[in-house]
Amino acid sequence: MGITGTEGVVGASWPVDDASEESSHDPQSVTGSEDLMQAFATGDSKAFDTLYRRHGPGLFRFIYRHVGRQAQAEEIYQDTWLRVVDARRRYRPQAQFQTWLYRIAHHRIIDWYRKSKSLPLAEPEAVPDEPQPDEPTRRQVARMLNRALLELPLEQRSTVLLHLERNLTLQEIASICGCGRETVKSRMRYATARLRKALGDLYDEL
Amino acid sequence: MTNFEPQSGTLGETAEHPKTDPKLIRAYRTLNEDGDAPVPSPTVHDLIRERAHRPPPGGRWIWPASLAASLALCTTLVFQLARVVQPNPPSGTARTESLLPAPAIDAGSERPAPAVGGGVDDGGVTSVVAGTNPSPALDSPEFWWEQLRLHANNADREGFLATWEVYQQHRDDTPLPDDLRRWIADNQLPLPGLSDG
């Protein structure tokens, strides 16, 4: 699944696409990421390139949809990957690579929110324009969904984004967020209800 | 953009996955379509890639075994040679320049500075050559401690071990200072003779 516009942004030396991104349904490719990380730990930097191509796009979308600001998303994204690089020799495949990666990102996001408590949550960049009347319904809904996501409480946002973006299992989301499975269920329930409410009548037209 | 197809019309929760709302998933997918997918800038990609391809700092770089062994041997030979040379030759007997390395003894030390290279009249080489100075402090524990500290401060385990080996031949019963003991413990150096000093 390619990302529109990605090729134009990223230089030829560092192509990024998520065509080979793994999902939690594919145990073979999950194992592949762990193997790649171990290969990277022993000095195979090409293995990192593959990991980055595989997980980079989805990770950035998760972070961006969480914080709603390009600059902060890039900062957190970069910090997350650099921590992966720095931790290469300490990496032990006790958990899925993807879970480990998103846990690091989740912690970085929480840290960022703690540090930026004084900042307004949504800057103009983070709040999309009001839907235009002639805009197709699905685009309107998408914009409203973006706004509604940013208004969710932090942990509910993490939970629902991990679900929407990666289709992770309850246990995986619980592991990333550091909570129990029942808590994940509960957060999902509240978050979904809020999002539906925010979309209003448009939700029914989807 | 999700990596899975929502099953149309199913809202049931499996044992593993949270409840799925196909409409929300569709809306989220739309959010990342049509050029709206957020992507990091090329600068960020390049920085991450550069770090990933850079050798780890101070990490896997290991002293080549032969180099470490050579250094240890050289250090041992130098000290052995210096030991063979009479520390207190008869008055008036000229001596060649000491081969001892720079000792870096504290300025406030009461012990005389051991010989160092060069011809400066610093109370070391010149006076030893003239035969007026006592031993170049090979038997001084402080001398060895300073040598060990030099290695410790440079995080030079190999150098530390080499010096320690020679130090064992000269040490007396004076207990090792705490800072050196701590450094040895912190670096987990299995050193013979540590417990009895």
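Which residue, with a positive phi, follows helix 3 of chain A? That residue is G68(A), with a phi near 75°. The model is a predicted one, in which local features need pLDDT of at least 70, side-chain atom pairs count only at pLDDT 80 or more, and totals for chains, interfaces and linings use all residues. Residues are numbered from 1 along each chain as its sequence is written, while chains are lettered from A and ligands numbered from 1 in the order in which they are written.

Helix 3 of chain A spans residues 45-67; helices here are DSSP runs of H or I with at least four residues, and strands are runs of E with at least two, numbered from the N terminus. At H55(A), shortly before the proline P57(A), this helix has a kink of about 45°, the bend being the angle between axes fitted to the seven residues ending at a residue and the seven starting there. Of its 23 residues, 18 are buried, so helix 3 of chain A is largely enclosed by the rest of the structure. A residue is buried if 20 or more other C-beta atoms, placed from the backbone, lie within 10 Å of its own.

Further along chain A, helix 7 (residues 154-166) meets helix 8 (residues 170-177). Residues in this meeting include L162(A) in helix 7 and I173(A) in helix 8, where contact requires C-beta atoms, placed from the backbone, within 7 Å.

Chain B has seven helices and zero strands. Of its 197 residues, 23% count as buried. Among contacts in chain B between residues at least 6 apart in sequence, 53% join residues at least 24 apart.

How values were computed. A residue is buried if 20 or more other C-beta atoms lie within 10 Å of its own, exposed if 12 or fewer, and partly exposed in between; C-beta atoms are placed from the backbone. Axes are lines fitted to C-alpha atoms, for helices over the stretch in contact, and angles run from 0 to 180 degrees between N-to-C directions. Two residues are in contact if their C-beta atoms, placed from the backbone, lie within 7 Å.
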